[in-house]
Amino acid sequence: NGLSHIHCSWELESDMVNQLDCKRYFTTFFNRNVGGLRYSADERGDGDYFDPAWQEIDRILEIGGDDENEPLILDEKDSNFEHGKGRQFLIKWCNSAYSDSTYEYERDLIWNGVIYE
């Protein structure tokens, strides 16, 4: 889908039902998955739903793209915030294939605490 695992977040069922009107989807999901878990504890291993290394940079394959000179603006109140995502990196994530590499903006890396150089 073109997004890396740094964009994953845990959400409360109540928030999702209220914001997305998806109660029917939850009912179906919980009916099909015992206890709401698609994988058993043995299948999950240490309890994570994906390898945490998928949020660590293995290498930066490319810097730039179309927005090479875009400024980096971290202040959400700045009037140019939408245009201040910073540089764009093509990232190969640890323990993942090159085909799973994603383009990420510098601001997203900073906000998600991803170490990059």
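Predicted model: local features only at pLDDT ≥ 70, side-chain atom pairs only at ≥ 80, totals over all residues.
**Notebook: salt bridges and core**

I started with aspartate 58, which comes out partly exposed at a relative accessible area of 33%.

Next I looked up the partners of aspartate 58. Its side chain meets that of lysine 92 in a salt bridge, 3.1 Å from N to O. I noted that this pair links distant parts of the chain, with aspartate 58 in strand β1 (residues 57-63) and lysine 92 in strand β2, 34 residues apart. Lysine 92 counts as buried, because its relative accessibility of 7% is under 20%.

Aspartate 58 also forms a salt bridge with arginine 59, where the closest N and O atoms are 3.9 Å apart. Arginine 59 is partly exposed at 39% relative accessibility.

How many salt bridges are there by this rule? I get 3. Another of them joins the side chains of glutamate 106 and arginine 87, at 3.0 Å from N to O. Here too the pair links distant parts of the chain: glutamate 106 sits in helix α4 (residues 106-111) and arginine 87 in the loop between β1 and β2, 19 residues apart. I find glutamate 106 buried at 9% and arginine 87 partly exposed at 32%. Shared partners join Asp58, Arg59 and Lys92 into one network.

Then I turned to the nonpolar side. The largest nonpolar core has 7 residues: Ile6, Ile57, Phe89, Ile91, Trp93, Leu109 and Val114. Strand β2 (residues 88-93) gives the largest share of this core, 3 residues.

Last, I checked isoleucine 6. Beyond its neighbours within four places in sequence, isoleucine 6 has contacts including Trp93, Leu109 and Val114, and also Gln55 and Glu104.

Technical notes:
Residues numbered from 1 in each chain as written. Heavy atoms only, no water. Core = buried A, V, L, I, M, F, W, Y, C linked by side-chain atoms within 4.5 Å. Buried < 20%, exposed > 50% of the residue type's maximum accessible area, 1.4 Å probe, protein only. Helix = DSSP H or I, 4+ residues; strand = E, 2+ residues; numbered from the N terminus. Contact = heavy atoms within 4.5 Å. Salt bridge = Lys/Arg side-chain N within 4 Å of Asp/Glu carboxyl O.
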